[in-house]
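Here's a quick briefing to read alongside the model. Have the sequence and the 3D view open as you go.

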Amino acid sequence: MMANSPQADRLDGAAGAFGAAAAVVIVFNTALAWIKDAWAPLNDAMAALTGHHWITHGLLDLAVFGLVGLLVWRAGASFNGQRLLLAVVAAALCGGGGLSLWFLLV
Amino acid sequence: MLSLQPYVSDIILFLHPTFGVLGTMAALWVLVEALNPNAASQRRMRLAAAAVAVCFVLAWVFGGYWYVNYYYADKALILHGPWPFAHDLFMETKEHLFFIPAMLALYLPVICARPMLTDRAARRMVVAVAGLIILNSLAIEGAGAVVNHGAKIAMSHVAQQGQE
């Protein structure tokens, strides 16, 4: 049986922190893809760093996900479950749509 | 004895969508368990969520290795073939879109650690995250098919020109 208390709709600890980190990293991923595609010096710098811009991009995504998640977790943040869910879904839909539209139009 | 050396790039290439599909199927398993939670499903869901994360990491490693080391030849072919958009639109989108389900796949075991029977917020999040992984992965698989076809018709175009 589901709990119906207000506490039941909270996401705290690692579940909340890394949920927030997932939303942040998805937006970061899309923004970085746009910026490096529009600004060649950034793409070149990312390629020089690891040998390929895509490797650097993936490592940066991992670093942002891990760091934001750990920082929010350590801060002891607690999130409204519904709002965090909407943030993750909105980030994923806008991120995916934003990438498709960018490479379609630009 | 058969040497696998000439086929290494092909094996790596096929391992990428294989783990992608296995990870997507595991995400569907998580979704079904989350929609019907009971005392026995929690352990299965955690196992499936771990499988999602492992499969996506392996799809990332194999796909990334092939993309960085071998894709340049296909890219050149595609860009000179009749379907240059297979790279310009589909591959460019796919290579960046992949990070979205990959990050969600890493998050899935974290959220599945919560007790699904009593934690309504966690259960809803699991359903949403697993659903997003499945939708994104299907789009990526489709994009991969377009990239593959772009290279294929570019090669048949070259072969036709050679016969003329």
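Among contacts in chain B between residues at least 6 apart in sequence, what percentage join residues at least 24 apart? The answer is 81%. Keep in mind that this is a predicted model.

**Chain B on its own**
- For 164 residues the globule rule gives 15 Å, but the radius of gyration of chain B is 19 Å, well over that, so chain B is more spread out than a compact globule.
- If you want dimensions, the C-alpha trace of chain B spans about 70 × 40 × 20 Å along its principal axes.
- Of the 164 residues in chain B, 47% are buried.

**Where chain B meets chain A**
- Chain A puts 32 residues into the contact, and chain B puts in 30 residues.
- On the chain B side, four helices each supply at least two residues: H2 (41-69), H4 (85-97), H5 (99-112) and H6 (120-163).
- H6(B) has the largest share of that side, at nine residues.
- Sorted by type, the chain B residues that touch chain A come out as 18 nonpolar, seven charged and five polar.

**The nonpolar core**
- The largest nonpolar core has 79 residues.
- Ala22(A), Val30(B), Val52(B), Met103(B), Leu108(B) and Val129(B) are the residues with the most contacts inside this core.
- H6(B) gives the most to the core, with 14 residues.
- Which residues does Ala22(A) touch, leaving out those up to four places away in sequence? In chain A they are Phe65(A) and Val88(A), and in chain B they are Met103(B), Leu104(B) and Tyr107(B).

**A residue to look at: Met155(B)**
- You'll find Met155(B) in helix H6 of chain B.
- Is Met155(B) buried or partly exposed? Met155(B) has 14 C-beta neighbours inside 10 Å, so it counts as partly exposed; being buried would take 20 or more.
- His80(B) sits 75 residues from Met155(B) in sequence, yet their C-alpha atoms are 9.8 Å apart in space.

Methods:
Residues numbered from 1 in each chain as written. Chains lettered and ligands numbered in written order. Predicted model: local features only at pLDDT ≥ 70, side-chain atom pairs only at ≥ 80, totals over all residues. Contact = placed C-beta atoms within 7 Å. Nonpolar A, V, L, I, M, F, W, Y, C, P; charged D, E, K, R; others polar. Rg over C-alpha atoms; globule rule 2.2 N^0.38 Å. Buried ≥ 20, exposed ≤ 12 C-beta atoms within 10 Å, placed from the backbone. Core = buried A, V, L, I, M, F, W, Y, C linked by C-beta atoms within 7 Å.
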